[in-house]
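Please read the points beside the sequence and the structure.

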Amino acid sequence: MVERWAALARRLDEPGEQRPDPVLQFVLDRLEPTLTVLDVGAGVGRWTIPLAERARAVTAVEPVEGMRRALQDRLSSRQMTNVTIVGRPWLEADVPRHDVSVAAYSMYTSPDLPAFARKMEACSTRLCGMAMRIPAPGGVIGELSEAIHGDWHDSPNFIVGYNALLEAGLSPNVFVEPAAARYWTDATFEDAIARARRHLRLSGGQFDGLITKTLKRSLVKTPEGYRWPDWMRAALVWWEPGNA
Ligand SMILES: C[S@@+](CC[C@H](N)C(=O)[O-])C[C@H]1O[C@@H](n2cnc3c(N)ncnc32)[C@H](O)[C@@H]1O
């Protein structure tokens with residue numbers, strides 16, 4: 001598993017791999033060199049590093065050890081010293097207040113999204129932002145979910161998350177990534193099956209027959225691999241603490 005995160009980090013550092021990210025850019029445009037940033041669920045630092053290049057200091061909260069190690073390696077190779085890594089799940093992390101807090105695609109497994117958001121708000125003075133995936137209407141994950149779990153549910157996402165926050169009494173703003181021209185692509189068919197299992201939260205291979213049949217019908221073979229009809233598009237749910 002540790003090697004998996006190291007490989008992910010290596011891939012991220014390959015030339016040309018850092019695609020433009022309008023959602024991250026929205027946050028970067030609001031940073032100043034004097035500000036501090038909290039990156040909740042930092043992973044291997046896809047956001048942490050650009051944030052730390054723009055801000056005075058970043059605290060990266062990441063509960064998975066292999067991810068933390070890969071993030072630390074990436075920081076060390078850049079000789080970056082303004083990032084502190086905290087190895088706890090967000091609701092158990094003890095962190096001081098920062099100016100800005102962000103959580104990029106890291107709230108999906110948290111059973112209490114409003115508590116996750118409220119803690120971000122309590123730990124920041126200027127801006128809170130949560131990046132979430134926008135599901136594609138013709139996506140395969142929704143179709144498989146209907147067949148397997150009984151309802152069309154494309155993993156926790158912006159539609160679910162925004163509504164949960166509204167119901168909890170927050171009324172945040174939304175920045176929607178403009179273009180939707182990128183699609184998930186997996187190098188091998190096995191990788192595509194693994195992705196489906198992950199998104200559908202399946203621990204075993206009991207639905208592999210159905211997944212295989214559906215993906216064979218829906219994925220398009222390209223020179224890069226197997227392209228899904230599910231797009232890669234995101235929204236940033238953001239608010240100013242005290243004004244949501
Ligand atoms: C899909 S990855 C996103 C990583 C990174 N933010 C990015 O955009 O590349 C989700 C990350 O959130 C972390 N995570 C999951 N649950 C979390 C929690 N309760 N508190 C903090 N981090 C969490 C995972 O360990 C993982 O690194």
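1. A residue is near a molecule if its C-beta atom, placed from the backbone, lies within 6 Å of it. The ligand is surrounded by 18 residues, and Gly41, Gly43, Arg46, Trp90 and Ser106 are the closest. The shell comprises eleven nonpolar, five polar and two charged residues (Ala, Val, Leu, Ile, Met, Phe, Trp, Tyr, Cys and Pro count as nonpolar, Asp, Glu, Lys and Arg as charged, and the others, Gly among them, as polar).

2. The model is predicted: local features need pLDDT of at least 70, side-chain atom pairs count only at pLDDT 80 or more, and totals for chains, interfaces and linings use all residues. Residues are numbered from 1 along each chain as its sequence is written.

3. The chain contains nine helices and ten strands (DSSP runs numbered from the N terminus, with helices being H or I of at least four residues and strands E of at least two). Of its 244 residues, 36% count as buried (20 or more other C-beta atoms within 10 Å of the residue's own, C-beta atoms being placed from the backbone).

4. Helix α5 (residues 113-122) packs with helix α7 (residues 158-167) at about 75°, the axes being 9 Å apart (axes are lines fitted to C-alpha atoms over the stretch in contact, and angles run from 0 to 180 degrees between N-to-C directions). The two are therefore roughly perpendicular (65 to 115 degrees). Leu113, Pro114 and Ala117 of α5 meet Gly161, Ala164 and Leu165 of α7 (C-beta atoms, placed from the backbone, within 7 Å). This contact has five nonpolar residues, one polar and no charged.

Terms used
Angles under 35 degrees count as roughly parallel, over 145 as roughly antiparallel, 65 to 115 as roughly perpendicular and the rest as oblique. Two residues are in contact if their C-beta atoms, placed from the backbone, lie within 7 Å. A residue is buried if 20 or more other C-beta atoms lie within 10 Å of its own, exposed if 12 or fewer, and partly exposed in between; C-beta atoms are placed from the backbone.
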